[in-house]
Amino acid sequence: MTSAATTVRATRRRAPASVRRKRFLVAVADHSLLIATAIIFLAPFLFIVLTALMTNNQALSSHLWPHPFRPQNFVDVWRTAPLLRWTFNTMVYCVLATIGVVVSSVPVAYALARVRWRGREAAFIIVLVALMLPPQVSVVPLYVMWAKLHLVGTLWPLILPNWFGDAFSIFLLRQFFLTIPEEYLDAARVDGCGELRILATVVTRLAKPAIAAVALFSFLYTFNDFFLPLLYVGQNPDNWVLSIGLAQFRSLHQVQWNLTMAATLIVMLPVIVIFFLAQRVFVEGVTLTGVKG
Amino acid sequence: MSLTPVAPAGASSPAGPAVVPRDRRLAKRRADWRRRRLVLILMSPWIVGFTVFFGYPLVMSAYLSFNHYDLLSPPRWVGLANYRYLFTIDPQVWTAIKNTIWIMVIMVPAQVLFAFGLALMVARARRGIGFFRTVFYLPALAPPVAATLGFVYLLNPSTGPVNTILGHLGIQGPLWFNSTAWAKPSLVLLALWGIGNTMVIFLAAVIDVPRHLLESAELDGANALQRLRWVTLPIISPVILFSVVLGVILALQYFTQAYVAAAIAGGQASQAGENINALGYPEDSTLFYPVLLYQHGFNDFQMGYASAMAMVLLAVAFALTLVIVINSRKWVHQAVPR
């Protein structure tokens with residue numbers, strides 16, 4: 001057996017020079033293609049940063065490199081637009097919606113994964129269908145409803161629906177709850193725990209990574225959301241969130257490209273920082289979607 | 001725990017042997033009832049949410065679609081008039097439908113192919129898989145509004161970096177977001193830039209392809225292309241299906257990028273004295289179905305007509321998902337035991 005292994009090794013090592021050179025060249029070609037593509041992917045970020053550091057005149061010229069550098073832009077942005085106000089509104093929306101999504105989706109997912117009852121499968125399929133249909137389908141009557149409640153123009157139509165279970169989060173959490181070994185739950189039951197208590201303590205503790213992923217996704221989703229904020233707070237600048245403000249930024253007071261790019265960067269930055277801080281949670285979440293076959 | 005003081009009753013029933021059958025039945029019924037109550041408590045957020053934010057609007061949408069409704073005066077029944085207008089008169093609907101089909105037929109396959117190609121490339125790298133994965137994933141994180149703004153600037157016809165660089169190479173760059181022919185392809189570029197999510201999922205699947213299958217195929221004399229076609233593709237076909245379904249679903253809701261690109265690029269043009277309503281700029285070439293629905297519903301407040309559009313969208317979304325899922329049985333490989 002050892003001899004077989006050594007012969008294999010030997011033959012591998014003695015690959016003819018031409019083959020080795022070919023392999024090396026292929027590897028070089030692979031990597032140069034990758035590096036070139038990577039540069040193309042990073043280029044938009046680079047140009048946005050560069051433009052954000054230009055003077056207005058230069059941003060309107062075809063020069064690519066700032067001369068002189070003008071970091072002052074990042075200060076000016078806060079002066080030209082109520083960025084603080086938009087950030088505050090965004091945080092209100094993101095935080096309240098995310099808490100709502102977690103609090104309301106965990107019990108539903110638990111009922112769909114770990115409690116046996118008739119109609120469970122059907123309920124799960126309905127959740128999936130709700131997930132697949134475009135939100136535009138139900139948007140008109142909902143708008144009418146919020147208008148009748150005099151809440152159009154406030155952040156409530158954006159926040160409140162999240163407190164009643166979010167289909168994607170329910171799906172994700174259910175997938176995770178299915179993987180919790182029954183023994184843990186039984187142990188708690190033997191100790192005399194009621195199901196609600198089990199959910200509140202054992203399950204939530206075991207499902208921390210999944211809950212973190214759901215919270216993260218929900219936060220990013222609301223942070224990026226544009227359609228619903230446009231609908232409900234678009235007419236009320238006091239309640240604009242960052243995505244709306246940014247989209248209106250340029251037309252607001254004929255603002256220049258350099259400032260627009262600085263604002264763009266300011267909106268991009270938090271998301272990218274969160275990504276690097278929470279990379280593991282991201283990976284966890286992507287695998288959780290359970291699409292690996 | 002403190003919620004259920006009834007528990008000992010059920011537990012103690014086997015202790016009294018004389019009245020077993022009746023007692024047990026009672027205990028079982030009680031347990032059933034408690035479980036039902038538990039399910040009801042757990043499911044209540046979703047039951048309320050589904051009824052108020054999904055079921056009710058769906059029914060209401062169907063009702064409103066037969067009405068004329070402007071939010072100010074009560075709905076007025078008009079029968080099929082909205083649908084008739086939609087299918088036979090409204091000149092913009094067909095443009096919007098054509099544009100949306102364009103997205104589904106060009107953008108979605110381009111995204112899937114590109115993500116797959118990237119994933120294959122990254123999987124071949126001997127070093128720095130993690131680095132490349134991060135680089136290609138990063139743009140997907142950029143908020144859509146910010147990414148769109150960035151691209152409108154990058155592709156700015158006169159002074160944008162892309163056309164500047166093309167100019168240095170001696171190529172006359174197109175008008176991108178300001179030209180009817182290039183506005184949609186520009187949106188495709190934007191979509192390809194933000195392909196990270198799909199790429200990551202493909203990459204995980206490609207790396208997961210069992211090595212021994214690839215090696216035995218190689219021993220049988222299959223070249224790289226054949227291995228890709230007969231080993232890798234069948235194994236990852238469920239992932240391809242997933243991304244196609246997701247792509248089609250998202251194509252039906254395509255809104256933010258189109259809206260922002262049209263508003264910004266159109267806004268620039270309107271400084272030169274053109275009309276202000278930028279939706280679909282230029283010349284309806286980025287007028288997608290959801291954009292038109294938004295315009296009718298929330299710019300013009302034709303709620304009845306917008307509802308009719310929503311019902312058509314619902315039917316199409318439902319049919320498309322069904323068709324894809326049913327057809328997929330033919331080409332998605334399901335014999336991989338895991």
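The stops below go from confidence to domains and then to a domain contact.

**Stop 1: colour chain A by pLDDT.** Keep in mind that this is a predicted model. Chain A has a mean pLDDT of 86, with 91% of its residues at 70 or more. Now select residues 1-7 of chain A: pLDDT stays under 50 there, and the model gives this stretch zero contacts beyond four places in sequence. Where pLDDT is low, the predicted coordinates should not be read in detail. Next, click through the elements of chain A: helix 1 (residues 2-13) has the lowest mean pLDDT, 50, while helix 8 (residues 156-159) has the highest, 95.

Stop 2: Select 2-75 for domain 1 of chain A and 81-288 for domain 2 of chain A. Their C-alpha centres are 35 Å apart.

**Stop 3: look at where these two domains touch.** How many residues of domain 1 of chain A are in contact with domain 2 of chain A? The count is 11, and they meet eight residues of domain 2 of chain A. On the domain 1 side, pick out helix 2 (17-52), helix 3 (56-59) and helix 4 (72-80) of chain A, each of which gives two or more residues. Helix 2 of chain A supplies the largest share of that side, with four residues. Colour this side of domain 1 of chain A by class and you will find seven nonpolar residues, four polar ones and no charged ones.

**Stop 4: move over to chain B.** Select 7-64 for domain 1 of chain B, then 88-331 for domain 2 of chain B. Between the C-alpha centres of these two domains of chain B, the separation is 45 Å.

How values were computed:
Residues are numbered from 1 along each chain as its sequence is written. Chains are lettered from A and ligands numbered from 1 in the order in which they are written. This is a predicted model: local features need pLDDT of at least 70, side-chain atom pairs count only at pLDDT 80 or more; totals for chains, interfaces and linings use all residues. Domain bounds come from an automatic or database domain assignment. Two residues are in contact if their C-beta atoms, placed from the backbone, lie within 7 Å. Ala, Val, Leu, Ile, Met, Phe, Trp, Tyr, Cys and Pro count as nonpolar, Asp, Glu, Lys and Arg as charged, and the others, Gly among them, as polar. pLDDT is the predictor's confidence in each residue, from 0 to 100.
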